[in-house]
Amino acid sequence: MMIQPINSINNSYNNMYSSTVQMPDSQHAYCRFNQQKVDMFVKQKEHALPYLSEILKYSANEEQITETLYILDRMLENNTKGVEKLYPILSRFNNTESPNIQTFLAGIYRKIQVPDAFGPLVSMLIKNSLNPQNYSAPFDPNEEIGGAILSYLSDRFRKS
């Protein structure tokens, strides 16, 4: 497998990033991403993490953030090491009201099991329950958030 240098990743990402992200709507209850771009990052494994972390540090674009979280999720599925070290950057989104970001963030937290992420997950679920949003997405992020919380709890009881 050939690893691209980070400046090549940067150029590839910028060339592929446009409005290729399709957020959920009444026709599709899921996001759709440029799979070629996702695959390019996933193949880079740990080498892509610095670039992805820079996107997450500075982006205010929901589509870009959601796509980057999806890429991280796919990287975790591909056994990429070190994603848990991005928790300080990921925690920037702990108070988001975006159901898309909440869903992908909870899925990542479920997989990385960083102890510091448990409290924000509980807080997110409580906040969403007390102040239900009129979600534009045709899904409920509380399902993934609750699943992540249950995963944390079951993992803790197994280790005891």
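I take a salt bridge to be a side-chain nitrogen of Lys or Arg within 4 Å of a carboxyl oxygen of Asp or Glu.

I note that this is a predicted model, in which local features need pLDDT of at least 70 and side-chain atom pairs count only at pLDDT 80 or more, while totals for chains, interfaces and linings use all residues. Residues are numbered from 1 along each chain as its sequence is written, and side-chain values use heavy atoms, with hydrogens and water left out.

I looked up the members in turn. R74 pairs with D73, and their closest N and O atoms lie 3.1 Å apart. E77 and K111 form a salt bridge at 2.8 Å, N to O. That pair links distant parts of the chain, with E77 in helix α4 and K111 in helix α6, 34 residues apart. Helices here are DSSP runs of H or I with at least four residues, numbered from the N terminus.

I then checked exposure. I use buried for under 20% relative accessible area, exposed for over 50%, and partly exposed for in between, with a 1.4 Å probe and protein chains only. D73 is buried at 9%, whereas R74 is partly exposed at 27%. E77 is partly exposed at 47%, and K111 is partly exposed at 35%.

**Entry: another pair**

I counted six salt bridges in the structure. One of them joins the side chains of K37 and E67, at 2.8 Å from N to O. This pair also links distant parts of the chain: K37 sits in helix α2 (residues 35-44) and E67 in helix α4 (residues 62-77), 30 residues apart. K37 has 0% relative accessibility and counts as buried. E67 is buried as well, at 0%.

**Entry: helix α6**

I went back to the helix that holds K111. Helix α6 covers residues 99-112, which is 14 residues, and spans 20 Å from its first C-alpha to its last, close to the 20 Å expected at 1.5 Å a residue. The expected span is 1.5 Å times one less than the number of residues.

I found α6 mostly covered, with eleven of its 14 residues buried. Among them are P99, N100, F104, L105, Y109 and I112. Just after α6, I noted that Q113 takes a positive phi of about 50 degrees.

Conventions: Helix = DSSP H or I, 4+ residues; strand = E, 2+ residues; numbered from the N terminus.
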